[in-house]
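Let us walk through this protein step by step. Start with the charged side chains, then step back to the whole chain.

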Amino acid sequence: MKLRPTSPGTEYLKRNLLPLIDGIKPKTTDSWIAEVCGCDDIVSSQSIFIAMGGRIEKFWNKVITDSRDVQNCLPFPNGTDKTPVTMMNKKNVMETKNRQVDHFFTINDHEYNKHIYLESKCNLTFDTEKKPESNEKIDAVTSQLEENVGSEVQSGYYVPVKREIPLKVKQHYLKHGVPVYGVEDMFRWLNDVPFTIEEYFAFWKNTIGPQVRAKLSGVSLEEPTTTRHGGDLDAL
């Protein structure tokens, strides 16, 4: 079925998702290999996609807030999205740190309130080295949130760019006790979402996609970045 270009859902995506992605400024990568090849004006695709990850997280917190069947529990009473959590550090010493919570909401129900805590990840395959630490964080934060609210908290990873999580990925993470959820799962929890799943993914492909391609082509370049994001810059 052809989507209506002026549907309320599409308009919601235009107002709340598109500006977040459109505001990303492409950067070049500071690489000596690129420099010696005369390619030091090449856009850092990694910097664009990393920036997109944080903005997608922000967008979905807006969606959670605007969905009438759930209550967004963020920010916390302290005015931030962080909560103090005690867990083991790399030196095997227990320490308390403020940990960021990506999504935390309660499903409105007359019989019970169901708390959902999610860590937003757009690509779990890039998290191989950090995976044990990330899983431990989810476990520690879940325990802390359960103590805070006095009831069970369902938790896991949320992949906001996959409609359904492949079975192989689900099984891999379930071995470590951490579920992985996709957009269909989020729609099931929220129930009352300002757009349809079809509108969401069509908007990514037809509206955001061309903009991302333009950014990758080198439009509006800013200063080079030397920030390391999940990779070794010495190998660039």
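A salt bridge is a side-chain nitrogen of Lys or Arg within 4 Å of a carboxyl oxygen of Asp or Glu. Keep that cut-off in mind. This is a predicted model, where local features need pLDDT of at least 70 and side-chain atom pairs count only at pLDDT 80 or more, while totals for chains, interfaces and linings use all residues. Residues are numbered from 1 along each chain as its sequence is written, and side-chain values use heavy atoms, leaving out hydrogens and water.

Now look at Arg163. Its side chain meets that of Glu198 in a salt bridge, with N and O 3.2 Å apart. The pair links distant parts of the chain: Arg163 sits in the loop between strand 6 and helix 6, Glu198 sits in helix 8 (residues 197-216), and 35 residues separate them. Helices here are DSSP runs of H or I with at least four residues, strands are runs of E with at least two, and both are numbered from the N terminus.

Arg163 has another partner. Glu184 forms a salt bridge with Arg163, and the closest N and O atoms are 2.9 Å apart. Glu184 lies in helix 7 (residues 183-190) and Arg163 in the loop between strand 6 (153-158) and helix 6 (167-174), so this pair ties together parts 21 residues apart in sequence.

How exposed are these residues? Buried means under 20% relative accessible area, exposed means over 50%, and partly exposed lies in between (1.4 Å probe, protein chains only). Arg163 is partly exposed at 35%. Glu184 is partly exposed at 34%. Glu198 is partly exposed too, at 43%. Salt bridges that share partners join Arg163, Glu184 and Glu198 into one network.

Next, go to helix 1. Glu11 forms a salt bridge with Lys14, and their closest N and O atoms are 3.7 Å apart. Why can one helix hold both partners? Glu11 and Lys14 are three residues apart in helix 1 (residues 8-16), so about one helical turn separates them. Glu11 is partly exposed, at 28% relative accessible area. Lys14 is partly exposed, at 38%.

Finally, step back. The whole structure holds eight salt bridges. The protein chain has eight helices and seven strands. Of its 236 residues, 39% are buried. A contact means heavy atoms within 4.5 Å. Among contacts between residues at least 6 apart in sequence, 65% join residues at least 24 apart.
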